[in-house]
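Dear colleague,

I am passing on the structure below, and would be glad if you could look at it alongside the notes that follow.

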Amino acid sequence: MTDLQYDQEVRGYFAEKAEAYDDVDLQPYWVLSDRLLATALREDVLTRLPEDFEFLDAGGGTGRWTSFFAQEAHRSSGVLFDLTREMIKVAEAKAAHRGFADRIEFVQGDLAEVGEILAGRTFDLAFNFHNVLGFVADPEKTIKDVADLLKPGGLLVSFLPSVWHAAFFNIGIGHLDEAEKALTRRGRFTDTMPDMHLYDVQRIEEMHAAASLDLEVLTGFPNLIYPGYQETQLHGSTKQLVDVLAGDNFDRLFEMENRVRKAPGIAGRGNNLFVVARRTV
Ligand SMILES: C[S@@+](CC[C@H](N)C(=O)[O-])C[C@H]1O[C@@H](n2cnc3c(N)ncnc32)[C@H](O)[C@@H]1O
């Protein structure tokens, strides 16, 4: 498959999902994962930024995390960059509805060309959450291109799909071929999604070093509870997860997860890997 065909497949996949993408907020597992991500961002990212920081939401989708930063930091401003027009439309409507549209610019483009498209712009923070670096053609190049858009001392924050979780998940649903493929850092969770790049600690260390980025935080989460097949779909939840996350259990599990988030060596156990890196030069 050529890069162009792959791009079209990815764009088609997300165009179809755009309208219902935010229904992820109805799935308790992802609510837990998002609360952990929001907590990590408050502790490990917002504390490292000036109040009026400028950000790049790379592969920002429906603007769920643009919204987070815009609403947490009222003097921030940013660019949401995404391949898929349908995703951007949802993000634009959200920004207008929530009253921060004047601080956000929306750019449709392929991250393969982000350096050219945003040439001359600089950012205090760039972030890519939930599989974005899974879907770009050449993640090592994209990391470098995005790092070049950072101001000296700027932060790159990533939330990346894990090699080991993809293998574990596929074994759980009986897809041993997919599990074996995941160990080569390429794979997927369902038959209908495009193949993704997958990450382990070694790849993360190497790709950040090559882009002159210093790792300040490398962990992963959730670590103690993993998604089921339903959580790979836009609707529905695995019954066992709904039951265990019901009522007071939700806060108890959140506290447990939040406690182990910083345990040394926990990264590889995470469903997704969380990285905060700083541009050194
Ligand atoms: C799983 S969604 C995540 C959206 C958002 N980051 C979030 O966490 O809610 C992945 C997004 O990456 C975008 N994407 C995939 N490949 C891309 C590329 N090559 N360039 C720019 N965006 C891309 C898709 O259009 C989609 O909106």
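**Cavities and ligand**

Helix 1 gives the most to the lining of the second largest cavity, with 3 residues, where helices (H or I, at least four residues) are DSSP runs numbered from the N terminus. A cavity is a set of points, on a 1 Å grid over the protein atoms alone, where a 1.4 Å probe fits but cannot get out, and its lining residues have an atom within 4 Å of a point. This is a predicted model, in which local features need pLDDT of at least 70 and side-chain atom pairs count only at pLDDT 80 or more, while totals for chains, interfaces and linings use all residues. Residues are numbered from 1 along each chain as its sequence is written, and side-chain values use heavy atoms, with hydrogens and water left out.

Of its 28 lining residues, the closest to the centre are Gly59, Gly60, Gly61, Asp82 and Val132.

The ligand takes up the space of this second largest cavity, by the rule that more than half of a molecule's atoms lie within 2 Å of the grid points. Among the polar contacts (pairs of N or O atoms within 3.5 Å), an oxygen atom of the ligand is 2.7 Å from an N or O atom in the side chain of threonine 84, and a polar side-chain atom of histidine 130 lies 3.0 Å from an oxygen atom of the ligand.

The largest cavity has a volume of about 510 Å³.

With best wishes

Methods
Polar contact = N/O pair within 3.5 Å; in protein donor to acceptor, adjacent residues only side chain to side chain. 1 Å grid on protein atoms, 1.4 Å probe; cavity = no way out; pocket = protein on both sides within 12 Å on 5 of 7 lines; lining within 4 Å. Points joined across faces, edges and corners; volume = space filled by probe spheres on them. Helix = DSSP H or I, 4+ residues; strand = E, 2+ residues; numbered from the N terminus.
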